[in-house]
Amino acid sequence: VMDADGANVRQLTRSHGIKAYAYRCGARGRVFFDSRDALVLLNARKKEEVYLAAKGVQYHSPRCSSDGRYLAVTAWDKIHKTGYIEVYALANKRRLARWEGEQASWMRNSHRLIYRLLVNHGNSTHVDIYSRNLDGHSAPEKLFSQEIAEQVYDIDDPHFIGTDPRQFVFRVYDEHEYFYYLGEVGKNLVLTRDKAALVHHNVYSGEVGDPREQGQLNIAPNGKYA
């Protein structure tokens, strides 16, 4: 961990083994990370504990609701090559919901999730982006759909960027092999709404030098920074 300006760096873990994709559950001060297919928790006492582990399952993309009540995680079934969204109550680790999909992320100050779903239609493959409200158990709402074809290889990592389900951002891997985010965060990104056509904008192009691939997006709890 470190301060926002990069100062005061502290090492939290001392155990051996590879750790990847650390994510802080801000409301509870806990840190989750991947380690050998298990989802591991660095708890408030700075002790490492296995939070989720199952044979043949790889857990990734943990995300906490902004009030700290729920954890959403992707459980990738390595045998059947299928991803599932699993939602747990952080207070007692009880699983509350499970459905097919990947890479869920919460809307700020809400129990609504956005996630992606890979769908095969005969000779074509689509990536659909859905929203689902955990409260009330309402049906999922499809926000966007894009065929994975020669010009677009993948769409992933969807996020809400405000309090309107129609405002969201995701990453595109296109034929130029660069990652692009689409959405409206400041002036760098382009809004997609109502199944509008993809408009690519490379955040790293122009004055800052050569285009570069963009990694996973994380938005600050107050919604001001990404």
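## Pockets, cores and rings

Let's start with the largest pocket: 41 residues line it, and Tyr23, Arg24, Cys25, Gly26 and Asn218 lie nearest its centre. Strands E1 (20-25), E2 (30-35), E5 (57-64), E9 (102-106) and E13 (152-160) each give two or more residues to that lining, with the largest share, 6 residues, coming from E1. (Strands are DSSP runs of E, at least two residues long, numbered from the N terminus.) A pocket here is an open set of points on a 1 Å grid over the protein atoms alone, where a 1.4 Å probe fits, with protein on both sides within 12 Å along at least five of seven lines; lining residues have an atom within 4 Å of a point.

Before going on, keep in mind that this is a predicted model, where local features need pLDDT of at least 70, side-chain atom pairs count only at pLDDT 80 or more, and totals for chains, interfaces and linings use all residues. Residues are numbered from 1 along each chain as its sequence is written, and side-chain values use heavy atoms, leaving out hydrogens and water.

Now for the second largest pocket. It has a lining of 18 residues, and Tyr21, His60, Ser61, Arg171 and Gln216 lie nearest its centre. E5 supplies the largest share of this lining, 5 residues.

What about the packed parts? The largest nonpolar core has 15 residues, and Phe32, Leu39 and Tyr51 have the most contacts inside it. Such a core is a set of buried Ala, Val, Leu, Ile, Met, Phe, Trp, Tyr and Cys residues joined through side-chain atoms within 4.5 Å, and buried means under 20% relative accessible area with a 1.4 Å probe, counting protein chains only.

Finally, look at the aromatic rings. Rings of Phe, Tyr and Trp (its six-membered ring) pair if their centres lie within 6.5 Å, and planes under 30 degrees apart count as stacked, over 60 as edge-to-face and the rest as tilted. The count comes to 7 aromatic pairs. One of them is the stacked pair of Tyr70 and Trp106, 6.2 Å centre to centre with 20° between the planes. Tyr70 lies in E6 and Trp106 in E9, so this pair ties together parts that are 36 residues apart in sequence. Both Tyr70 and Trp106 are buried. Phe168 and Phe170 are stacked too, at 5.9 Å and 25°.

Note on methods: Helices (H or I, at least four residues) and strands (E, at least two) are DSSP runs, numbered from the N terminus. Buried means under 20% relative accessible area, exposed over 50%, partly exposed in between (1.4 Å probe, protein chains only).
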